[in-house]
Amino acid sequence: MKKGYFLAVLLVLSFVLAACTEGTAGDSESASDAKGEDGKQKDSIVIGFESDAATLIANSDVNYVTDAQIRSIYDPLIDRDGDTGEFVPVLAEEWENIDELTWRLKLKEGVKFHNGSDFNAEAAKFSIDYILDDANQSFYKSRWSDIKEVKVLSDYEVEIITSKPFPSLIERIADDLLIMDPVYVNDVGTEEASKKPVGTGPYEFVEWSRDNYLKLKAFEDYWAGPAKIKNVEFRYIPEFSTRLSAFVSGEIDMFKNVPVDSVEKIESDENSKIAETASARINYLALSTFSDGPMKDVKVRQAMNHAIDVDELLEAVLNGHGTKLTGPLSKINSGYTETDAYEYDPEKAKELLKEAGYDPESMELTLDTPNGRYPMDSQVAQAIAAQLQRIGITVNVQVNEWGAHLEKVRNREIKDMFILGWGPAFDAQSTIENLFTEAGPYSSFSEPGLEKKIYETNEMFDQDERYDGYAEIQKALVEQAAWVPLWQQSDMYAVRKDLDFKPKVDEKILPYEMSWEN
Amino acid sequence: MMEKPLLEIQNLHVEFKSGKEVVRPIRGIDLKVNRRETVGIVGESGCGKSVTSLTVMGLLPEKTGRIADGSILFDGTELTALPEKAYRKIRGNDISMIFQEPMTSLNPVFTIGEQLSEPLRQHRKMGKKEIRETIISTLKQVGLPRAEQIIDEYPHQLSGGMRQRVMISLALLCQPKLMIADEPTTALDVTIQAQILELLKAIRGSNDMSLMLITHDLGVVAEMCDRVIVMYAGEIVEEAGVEAIFDRPLHPYTQGLMQSLPSNNERKGKLFSIKGQVPKPSEIGKGCAFANRCPHAFDRCFAEAPPVFSEAGHQSKCWLLDPVSKEGSRDESSIPIRS
Amino acid sequence: MLDFVIKRVIQVGIVVLLALTVVFFLIRLSGDPTPLFLPPDAPREQIDEYRSKLGFDRPLLVQYGEFMKNAVQGDFGNSLRSKEDALGMVLQRLPATFQLAISALVLSLLISIPLGVLSAFKRNSIFDRIAVALTVIGQAIPSFWFGLLLIFIFAAQLKVLPSGGGGSIVHMILPTLTLAAYSIARFTRFTRSTMLDVLRKDFIRTAKASGVPTPRLIARYALKNSLIPIITLVALDLGTLLGGAVITEVVFSWPGIGRLLLQSLLNRDFPIVLAGVFIIALIYAVINFVADLLYAFVNPQIRVR
Amino acid sequence: MTIEIPEQPGSSRPAVTPGKQSKLAFLWSSLLHSWTGMTGFIIILLLLFLSLFGQWIAPFDPMHAEFSKKLLPPMTDGHLLGTDQLGRDILSRMIAGARISVIIGVMTVLIAGTFGTVVGIVSGYFRGWLDVVLMRIVDVQLSFPFILLVLVINAIIGTGLKNIILSLAIGGWVIFARVVRSEVLALREKEFITASVATGVPRIQILFKHILPNLFTPIIILSSLQIATYIIAEASVSFLGFGVQPPNPAWGNMLSEGKDYIFSSWWLITFPGVAIMITALGVNFFGDWLRDTLDPELKGE
Amino acid sequence: MNPQFLLEVNHLKKYYEIPQGMFKEKIVVRAVDDISFSIKKGETFALVGESGCGKSTTGRTILRLTEPTDGEVRFDGEDIRSLSYEKMRLLRSRMQMVFQDPYASLNPKKTIREILMEPLRVHNKYEKKERMDKIRKILEIVGLSDHHLDRYPHEFSGGQRQRIGIARAVVLQPDFIIADEPVSALDVSVQSQVINLMLELQKEFGLTYLFISHDLSVIRHMTDRMAVMYLGKIIEVGNTDDVFENPKHPYTQALISAIPANHPRESKDRIVLEGDVPSPANPPSGCAFHPRCPAAMEICSRRVPEETDFGSGHTAKCHLYQMNEKREEKDEHAVIHS
């Protein structure tokens, strides 16, 4: 027995293991490629994400990270405009509403999947059916449950029949649906297809190392012409400081969700810039009417609106990165109506509280917030607490882990107030329906009269009538002080200076639309 | 004509540091071991007999222990000033040692052979095969059965008696000039002790070797030794040939030790016992270290440390032997001396 | 020998089953996963439907029985989120975790054993004191802080090493250092103290009395005796390195098992968590078993009976 | 090496447990001789002082947010260590955090220690099937990494100061149970315990009058070392998003809030990190010294 | 029941089982294997033997510090094994024990006062005020004084500690004391002090001792009767004088001959036994001593010898004497040493 035995065995073991894990071995070259310091035309990009995609199959996981990655592989039928959020045709060239229950879509011809098979009506039908099929356990199913049938009319025409009027169908198609190749999926099975995806998108799948990276390369036969950036890598870096370090050191070329306090640091770097846009996601302070507490009283809710200085929060906590919200909807939403904001007026707030029978000095409220889910969320909560303290109200901030927070909200266990975000939201219906009815817990507000009005408006098929209805509702909600509207989130991207990149309102990150400046 | 002694210690002082205190376990001893002689060092725990042996071996704890004064002359070499490297050449080669605890003195994770080959590797230029043969023959010499198998066994597979035999063969391997046995039988059972004592006698007879036997057991001394040295509190209080000591112990401490043995007393009778206990180092004053327990102590004993008094090779450090102070103090009846 | 193995296998089985049981109930208490997966606008009926599809609406004991029945056959179900086989997902992450843990272990052993031995031998010297102080500091630094610091210095400022990600040797340097920092400290201290113990033993005195030179005494005699307790500690720590690398894996974006478990915990992805617990408990038990064998191998008092 | 040193009553055998007054004096003099022990002792004193009187020393209200003064670097505007992302004074928060860290360390040790000790005693002293069951439970728990276990429990019972203490305690009791059990097992075999049995001392009295007092030393040593572990563990758990939550100024929490500012405002992550390190260092130093002094045989683990 | 016997031990057995894994049979260690003896009131009875022969286990089993496997122990006529825990506990006020290691047998965290008070407290002896007087008195008897009361054990020397251990055993004024190697750990000069103390106490309190030791000279000095144990069995019993003068069993003979000489001129015909004591887990067949016995015969490995009575309570278990009695095959080795 030699003394070195033990160590030697361990060493050998570790080499064997290292050899075994060769498959996961990353290629650290891609980062320097992207930098293109050698003067060659850059054709690669590395994008940092906080987490891995749950799966690479389309129409399954409702999650921005998954969606942002697979959207380069799969095309949608309809997309949104990056600035306005308006619908733009992609694989569907035209769509029309035949009657209240029937929609007809005309599809693009000559589009090919990465494996060479043709895109056609069957593919569109298959993709929708995939969501509806219980066996696939798609998380999207709830949004699509009103669909009765998808009919293939011809090779490039489909008809969607709904079981009840479904005015927001096009929104669903634009926001959720991606097109898969039925032949491929049926051939290899969903399990394989979710690891090696095939779509019609601008990039083809190359390699996926779980929790490590996803590599794609440009699809040369892309119907809209091949991408300028030929190689794309999504790299998963869960910890923000590490992500930032990776960006600073040039390992990644861009990442989303830059904390407001790091903006300056990135802008000060000569190779970097910040790309910013107002997102379709809104943040708000919900006032719970679902539990017995002061928030049941409209005067108290109004007092809260007067006591919280949103401008100050925006400026002090978010460094101005956000767009102030005055009512239930952001301006991007179809059906948005201008509503009057509550002035910051602490005196009035105190008065209202007294009218409602509360002495602000003896009030003690709890404010629940997640931590790290929205920009500066827990800091905002602490700042709100500080503002309410100014009129004498004691606020205890309760910070919850996200899962626990969401569960508390859904189970209506939150006593007084909580911070939450909603989006991306482009239409009035889903926001109002989900936030301000008894069934939707996310603002913990409902009022019977208003609820009736909401459901009536939802059923209206006439666009103008509906918008009028939503406008009335919005005004009523503001009057009722249903919540304290905060702001439209600012989506901030740290980007290499020479990358031509324009952020989109719907949070999508499409390398196809990017290019390197020379 | 006298042969030069093999080992000669003169005025040895050893100090231990423990914290800020300095302990002096050996306070000036002189002793010699002649060639082919067996010298017994007797004393109770803490008298400094083990420290003496470790000092000779050069195994005092490096950081805390040191030789404060004196000389150790071994076979013409002065050991106190010897560099470690040269000392190593002596250890296990010219001087070897057997310890009290055969259970813990062998390394549990090496075979007997591996451990026994060490002194041969260090001191003899031998091939592997030769080493093995030497070990086996030494194992046989100490009366171990199955020597060929035992060489590849581990210490825990052997009984206490066998382990002590292994320890003895370890000490014998290089045919040392001096073997120090520190309480070699104390941890053993009576019947095993008898075996080991017989073995030591046999070895002493067949090898050209001196033996320094450290023990607290007067019986072992009586059986084994040519000459006896009695230690008390870091000093040698008496030294004489073995028969002289047993016939006529001169120092009251030696007398007390002998008289307190049950076999030297009437059955069921009250045993003679030395009152009190060994003094703490701080309690040792200018006088005789034994004075506070001595039944014959008188004023001078407390005031002044006694020098060595010698009578025909029988030496003792006691004022009672001083012809001058004798008259004043000695009470004839008080020392019952066996004859 | 054989019955020792059988006995241990049974023991391991019991421990793993119990661990699964405990975690099964614990994690069911941690909350409902459905709202985390479904879109926020999913109506309540949908959630209920989904929940019943997953079987979460049945009595807990029935679910437990079902789970255990499948689990003993190696089927932990599919991930709630990605619908992949949960055990497969865990196993997929295992090599990366192993790679990191083993390299950290090897690094710590290579550094700590010589350091501990020297420190013990030169007890109370300046060298020893510095080593002791360093090891205490090594145990006192929160690992994520240390990791971030390393990233900040070597990746962001000096730009010499990647900030994270799995793969090549270069990627391994920083996480290995971070992970090893604690073990280096622990092993060094432990080696030092066992070594001190061994150096005090009678048989060391015997070897010295045989004229064995000091370097040989330490390298051959003392080290082998110290190795026995060190093996036990190393085994214990390898378990911790494997399962406890969560923080290092998160900080360095290392695609290992700890990160997967943390994510699944946050997502309430029960099957993955349970499969992960199963694997970790199993590895832990196997490591301990191997340590026992190794222990017996090094320690003849056990080997030869 | 065992060397016979002249027997001197008082220092002859390793079991050093002097009388009550002399014990303190003995500890104190031993402390004076150990630079690590003294360093640890001073750090602990400082920590205790801060946690008891911190609120009167802190220059600012640790919870008061002054948005206009956010992220001030150290030594500006009277903020010695600067301000954080909400404009709160970091020094004041660190001082307040000392209290929370002390509470976390001490309370966890109290809960985990008490529970673990009871289990260890029951297991080790009464043996039998209860011992088998309890030790299986300990095995099960040990097969799951500490941090992950704390996370799971924290995920279940929720975040916050009380809950993190509880989770750490649930994760940490086993080590006490194991150590205490093995101590009890060793004590049971001690001759003075047998002597008490032979005297006719009832079982319960043996437990309380003989076993327990002899457990104090190992438990105190273990506790002091565990405190550091728990303080660091809290920081780690906070880092992963659980643990004590803002606005509470626990150090771990400040670290995890501040880590996003590593590039822009280094002081946010530096000071709490250093504080944790120094605390852990101090407690470790002190614990090591305590172990070396009270129980020379316990060295190592 | 003979009233003159304070303690009667009949067919006492203590077996330990060592599990060897699931599929192997357990190893049974017969630490004490069917031994019987009786101790008269006021006498000192010795158990002699080498380490591992079961003498200490016997002592502990009698006090039920470990539960016996089988057999009967009668103390003052009462069957100890049938007593409940509580009754046994109370009975311990009458039977006490002194241990070998004076360092290990005193709780390091207790003062001498606490150590000596405990027996009185748990047995509720004397009025509370009286107890202190008793303790002082006993301390004085064992040669310590008042000012030692508040010290801790480590502040004492080995001899002093052993005296404290004896004081603790005697303070309850028991009838019976088991002394397990009480002087083995002590230096010669201290050993005599402790032996003297024990003898004095015996006189003063009329104590009965079971004295366990491997030191034959101590045994010869202070005991009345003795039993020699080998591998869990008693092989010879008799008055101490008889056994020393006229040992019957070859093992006893070897043991006595192994005592080192008293004087260099004393020549001893020593019987040096071969080999070591076998493991009690795997004792030799027949007479357990036969592999080492210089007088071993063929029958010794086959049959366990019966007891032979040599009169006045001196008995031994050896085939040599059984052969004689049966007048089969007279053996010249019958008496090896006389």
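The following legends describe close-up views of a predicted model.

In this predicted model, local features require pLDDT of at least 70 and side-chain atom pairs count only at pLDDT 80 or more, while totals for chains, interfaces and linings use all residues. Residues are numbered from 1 along each chain as its sequence is written, chains are lettered from A and ligands numbered from 1 in the order in which they are written, and side-chain values use heavy atoms, with hydrogens and water left out.

**View 1. The two domains of chain B and the area between them.** Chain B is divided into domain 1 (7-225) and domain 2 (235-263 + 271-321), with bounds from an automatic or database domain assignment. The C-alpha centres of the two domains lie 28 Å apart. Domain 1 of chain B brings 13 residues to the contact and domain 2 of chain B brings 14, where contact means heavy atoms within 4.5 Å. About 1100 Å² is buried between these domains, 63% of it on carbon and sulfur atoms; buried area is the accessible area (1.4 Å probe) that two parts lose on being put together, summed over both. R27(B), E44(B) and L218(B) supply 51% of the area that domain 1 of chain B buries against domain 2 of chain B, more than any other three residues.

**View 2. The salt bridge between the domains of chain B.** One salt bridge is found across this interface, the criterion being a side-chain nitrogen of Lys or Arg within 4 Å of a carboxyl oxygen of Asp or Glu. The side chains of R27(B) and E235(B) meet in a salt bridge, at 2.9 Å from N to O. On the side of domain 1 of chain B that touches domain 2 of chain B, β2 (21-33) and α8 (218-224) each supply at least two residues, and β2(B) gives the most, with six residues. Helices (H or I, at least four residues) and strands (E, at least two) are DSSP runs, numbered from the N terminus. The residues of this side of domain 1 divide into eight nonpolar, two polar and three charged. Here Ala, Val, Leu, Ile, Met, Phe, Trp, Tyr, Cys and Pro count as nonpolar, Asp, Glu, Lys and Arg as charged, and the others, Gly among them, as polar.

**View 3. The interface of chains A and C.** Among the eight pairs of chains that touch, chains A and C have the most contacts. In this interface, 58 residues of chain A are in contact with 67 residues of chain C. The buried area is about 5300 Å², of which carbon and sulfur atoms give 60%. Four salt bridges are found between chain A and chain C; R81(C) and D61(A) form a salt bridge through their side chains, at 3.2 Å from N to O. The elements giving two or more residues to the side of chain A that touches chain C are α1 (5-20), α5 (141-144), α8 (240-248) and α14 (402-410) of chain A. The largest share, eight residues, comes from α1(A). By class, this side of chain A has 23 nonpolar, 20 polar and 15 charged residues.

**View 4. The aromatic pair of Y222(A) and Y512(A).** Over all chains, the structure holds 45 aromatic pairs. Rings of Phe, Tyr and Trp (its six-membered ring) pair if their centres lie within 6.5 Å; planes under 30 degrees apart count as stacked, over 60 as edge-to-face and the rest as tilted. The ring centres of Y222(A) and Y512(A) are 4.9 Å apart and their planes stand at 75°, so the pair is edge-to-face. Y222(A) lies in the loop between β9 (213-218) and β10 (231-236) of chain A, and Y512(A) in the loop between β18 (499-500) and β19 (515-516) of chain A, 290 residues apart.
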